[in-house]
There are 2 protein chains.
Amino acid sequence: MTLTLDRLSLNQATVKYADLGEAIEVCVANGITGIGLWRDRVDEVGVESAFQMIAAAGLHVSSLCRGGFLTAADHDQFAAAIKDNIEAIETSAALEADTLILVCGGIPAGSSLVAARSRVADGLDAIADRARQLGVQLAIEPLHPMFAADRCVVSTLDQALDLAEPFPVDVVGVVVDTYHIWWDPRLESAIHRAGDRIASFQLCDWVVPLPADMLLGRGHLGDGSIDFGPIAAAVEQAGYSGYVEVEIFNADVWSAPAAVTARIVGDRFAALT
Amino acid sequence: MTLTLDRLSLNQATVKYADLGEAIEVCVANGITGIGLWRDRVDEVGVESAFQMIAAAGLHVSSLCRGGFLTAADHDQFAAAIKDNIEAIETSAALEADTLILVCGGIPAGSSLVAARSRVADGLDAIADRARQLGVQLAIEPLHPMFAADRCVVSTLDQALDLAEPFPVDVVGVVVDTYHIWWDPRLESAIHRAGDRIASFQLCDWVVPLPADMLLGRGHLGDGSIDFGPIAAAVEQAGYSGYVEVEIFNADVWSAPAAVTARIVGDRFAALT
C-alpha cells in the first residue's frame, strides 16, 4: 500500500491532552492533512467553530469518534443511546467527516452476549435512516475480543460485516483497526470481503506486556507485534483509498508534548511505506 | 448438557499452592473424580509415584498441562521444544491422561505472526508420531486473542481445527475452554465442526475489569460474563462425553484454602446443571 504522507490522518485521541486548536496546529506543522475528531473536544469549541477552524487550516475530517453503545437492555437507556447517535450523525454531517465510528457497547448487567449483539442490530436499524438522509457513512468498529464483556460485543471484522450487510454500503461500513483485529486468522479474507465497506483504516501497534489499564496498551507503529505491511496491502487490494488514521491510546504517548507525538507519528508512518 | 458431578475434574492450577497430595485430597473430599495435572507438580513427586497416588485415590487424569511452545525461530530452541514435548507425551502416557494440552507459543522477537503460526504446524508434524505410538491424544488449545503476541498464536477454535485436520482425531484434538473462546461469533459452528476432535472441555468465567496481570482475570463459574449453558449444549451435541475441567487462574482463588476452592468449584458446577 502506498502509505504516502498525504493519506495520513492524526486521530485526536493520540494527542489526548491537546485541545482542538493545538491538535490542528501539530497536524499542519507536520504536513498531516487529515484529522480524526472526538466529540468531547469538538463540543468544547462548538461544532460550527470546529468546522471553521479545520477548514481554515486546510484539514479534512477523516472520522468522528464516536457513536454506538447500542446494547442497553433498559428501554429508556436504549432510547437515550439512539438519541445520542442521531446527534453524533448530525455532528458528523456538519463536520463533513468521512465517517462516524461506532463502538457498539458491552454486555449490560443481567444480559447476555447474544442478546447484546442482537440489540446492536436493532440500534443500527434505528439510526441508519438519519445517516442516509444526511449522507453520513456509519462505521462499525470491531474491538479486540478482550473488550467483548464491557465495551464492544462486536469482536471480528466478519461479524461487523454481517451487521453491516442489510444496509447500503454508503450508509453502514466497517473500521479496519490493526490493533483490534491483527490476530484474526481470517483477517485477510475478511478484508477482501469488506471491499468498499471499509470506511476507516486505523493503525496502532500492539505492545506487550499490556499495562494494567488494557485500554492503553497501544504503541507507536513499530513498537509492537503487528506486521502492518500485509494488512495494508489487503486493505489496498480491497479498494480502500481514503485516509489512514493513527490512533494510539498510551499513557506515555499522551504525556509527551503533542508536537513530539505528531512528529513521531509522521516519521513512523513514513517508515512503513 | 448433563454436567453431573461424576464428570467434574479439578484442574490442579485452580488450587495452585496445593501440592499433588493436597490436590488429590480435596478432590476426594468433594466427590470430584477427575483431576487435570501440571507437569511441575507431577515432577515434584515423580511420574510413577504421581500415578500411584492418583490411582490409589480412585481418580482419573483428565488432562496433563502442558506441551506446546512450538514457535521458536531459533533452530536449537525449536529442537529443545520438540524434545520437551516428547517428554510431555511420555509423561501423559504414563499417567493415562485423557489428553496432553498444547499451548502453542507466541511470536519470538524478530519473527511474525504468520511465521510463528507456520512453525506450530511444523511442531505438530514433529511430535505427532510419538503421540500416536503411545496412544496419547494431543489437544491444541486456542488461547484468547489477547495472548496472541506473547503466549499463543492459535486464537480461535476454527484455527485449532485447521491445524488438527491433517492428523487422525485420536492423535490431535482441540480444547474448548470457555474463557478463551466465549466471545467468538462463530463459536457454535466451530464447536459443531470440532465434533470428536474435542479432547478437553474446560470452564472458567470472564471477570471484568481484568486485573493488571491478564493471566489471572478468571473467575469461579457465575462470577463473570460467560453464558455457559449454550456452550455446554453445543459441546454435548458435538458428541463430547468426557470430563469437564474447571481451571481458574485468579490470585484471590489461589490464596483461599484448597479445600474451600474445591468446594466452591463443586457447588458452582452443580448449579450449572
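In strand S4 of chain B, Val103(B) is the bridge partner of Gly68(B). Strands, like helices, are DSSP runs numbered from the N terminus, with at least two residues (E) for a strand and at least four (H or I) for a helix. The model is predicted, and local features need pLDDT of at least 70, side-chain atom pairs count only at pLDDT 80 or more, and totals for chains, interfaces and linings use all residues. Residues are numbered from 1 along each chain as its sequence is written, while chains are lettered from A and ligands numbered from 1 in the order in which they are written.

Strand S3 of chain B (residues 60-68) is paired in the parallel sense with S4(B) (residues 100-103) over four bridges; two strands count as paired if DSSP finds at least two bridges between them. From S3(B) the chain passes through helix H4(B) (residues 75-94) to S4(B) in a right-handed β-α-β crossover. Right-handed means that, with the strands pointing away from the viewer, the path from the first strand over the helix to the second runs clockwise. S3(B) also pairs in the parallel sense with S2(B) (residues 34-38), over five bridges, and here Trp38(B) stands opposite Cys65(B). Eight of the nine residues of S3(B) are buried, so this strand is largely enclosed by the rest of the structure. A residue is buried if 20 or more other C-beta atoms, placed from the backbone, lie within 10 Å of its own, exposed if 12 or fewer do, and partly exposed in between.

S4(B) is joined to S5(B) (residues 138-140) by three bridges, and these strands run parallel. Leu100(B) stands opposite Leu138(B) of S5(B). Ile101(B) also belongs to S4(B), and it counts as buried because it has 29 C-beta neighbours inside 10 Å. Leaving out residues up to four places away in sequence, Ile101(B) touches residues including Ser63(B), Cys65(B), Ala139(B) and Val175(B); contact means C-beta atoms, placed from the backbone, within 7 Å.

In chain B, eight strands close into a barrel with parallel pairing, in the order S1-S2-S3-S4-S5-S6-S7-S10. The twist from one strand to the next averages 30 degrees. Axes are lines fitted to C-alpha atoms, for helices over the stretch in contact, and angles run from 0 to 180 degrees between N-to-C directions. Helix H6(B) (residues 157-164) lies across S5(B) and S6(B) (172-177), at about 170 degrees to S6(B).

In chain A, S1(A) (residues 8-11) is covered on both faces, with Leu8(A) and Leu10(A) buried on one side and Ser9(A) and Asn11(A) buried on the other. S1(A) pairs in the parallel sense with S10(A) (residues 244-246) over three bridges, where Leu10(A) stands opposite Val246(A). Parallel pairing over three bridges also links S1(A) to S2(A) (residues 34-38), with Asn11(A) opposite Gly36(A). Together with helix H1(A) (residues 20-29), S1(A) and S2(A) make a right-handed β-α-β unit.

The contact takes 21 residues from chain A and 21 residues from chain B.

Definitions and conventions: Two residues are in contact if their C-beta atoms, placed from the backbone, lie within 7 Å.
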